[in-house]
Amino acid sequence: MLTIDPRRSLLLVVDFQSRLMPVIHDGEIAIRNTSRLIKAAELFGVPCLFTEQNARGLGSTVADLAVEQGPLFHKQFFDACREGGFLDRVPADGHIVVVGCEAHVCVQQTVLGLLAASRKTYVVRDAIGSRHPENKETAVRRLQRHGAEIVTTEMVIFEWLQTAEHPRFREAIALIR
């Protein structure tokens with residue numbers, strides 16, 4: 001199957017931290033789309049996993065995101081996969097949907113680590129950010145070259161939804177409008 005399977009999905013929310021977000025280009029858009037995905041994940045029973053990079057320096061996850069929706073993994077490596085125990089939390093046969101900041105640092109290195117560990121990975125282009133747009137775009141191109149699927153928030157929600165007959169259809173559509 002080429003679409004994202006909600007039964008196999010994990011939403012990985014990378015480093016949306018309070019001291020970092022004020023300098024992220026279009027950061028409010030990335031936060032808004034990530035919030036939509038967290039709500040959609042809750043609707044469809046998709047687990048979430050949050051990371052924080054050096055929380056003492058960069059602060060905790062921004063208040064706009066419901067971090068209580070999933071476990072929080074603290075890290076020092078930019079690539080979360082290098083941290084002991086991280087890959088144990090990421091299903092080997094899962095569809096890993098990745099959002100976060102910065103696109104060209106922690107998101108990119110973590111996605112490359114997931115790909116190296118043979119995880120099927122989807123990067124949500126409108127829910128990632130960097131301080132400078134060219135860094136984000138370069139990371140997106142690089143990740144796509146290495147096998148990550150590049151998707152959007154709406155693509156993920158509709159693929160998790162699968163059918164207009166889904167019992168949570170109206171709730172899911174409300175997240176997009």
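Let's start with L65. Leaving out residues up to four places away in sequence, L65 touches V13, F16, I31, T34, S35 and I38. Contact here means heavy atoms within 4.5 Å. A word on the source: this is a predicted model, where local features need pLDDT of at least 70 and side-chain atom pairs count only at pLDDT 80 or more, while totals for chains, interfaces and linings use all residues. Residues are numbered from 1 along each chain as its sequence is written, and side-chain values use heavy atoms, with hydrogens and water left out.

Where does L65 lie? In the loop between α2 (55-58) and β3 (72-75). Helices (H or I, at least four residues) and strands (E, at least two) are DSSP runs, numbered from the N terminus. L65 counts as buried because its relative accessibility is 4%. Buried means under 20% relative accessible area, exposed over 50%, partly exposed in between, with a 1.4 Å probe and protein chains only. Now take Q17. L65 and Q17 are 48 residues apart along the chain, and their C-alpha atoms are separated by 10.0 Å.

Next, β1. Six of its six residues are buried. Both faces are covered: S9, L11 and V13 on one side, L10, L12 and V14 on the other. In a regular strand, side chains alternate between the two faces of the sheet.

Which strands pair with β1? β4 does, in the parallel sense, over six bridges. β2 also runs parallel to β1, joined by four bridges. Pairing requires at least two DSSP bridges between the strands. L10 has I96 as its bridge partner in β4. V13 has F50 in β2. β1, α1 and β2 make a right-handed β-α-β unit. That is, with the strands pointing away from the viewer, the path from the first strand over the helix to the second runs clockwise.

Now the cores. A nonpolar core is a set of buried Ala, Val, Leu, Ile, Met, Phe, Trp, Tyr and Cys residues joined through side-chain atoms within 4.5 Å. The largest has 35 residues, and L11, F16, L37 and W160 touch the most other members. Elements giving two or more residues include β1 (9-14), α1 (27-44), β2 (48-53) and β4 (95-101). α1 gives the largest share, eight residues.

What does L37 contact, beyond neighbours within four places in sequence? L11, V99, V124, A127, T153, V156, I157 and W160. Apart from this core lies another, of 24 residues, among them F73, I96, A103 and C106.
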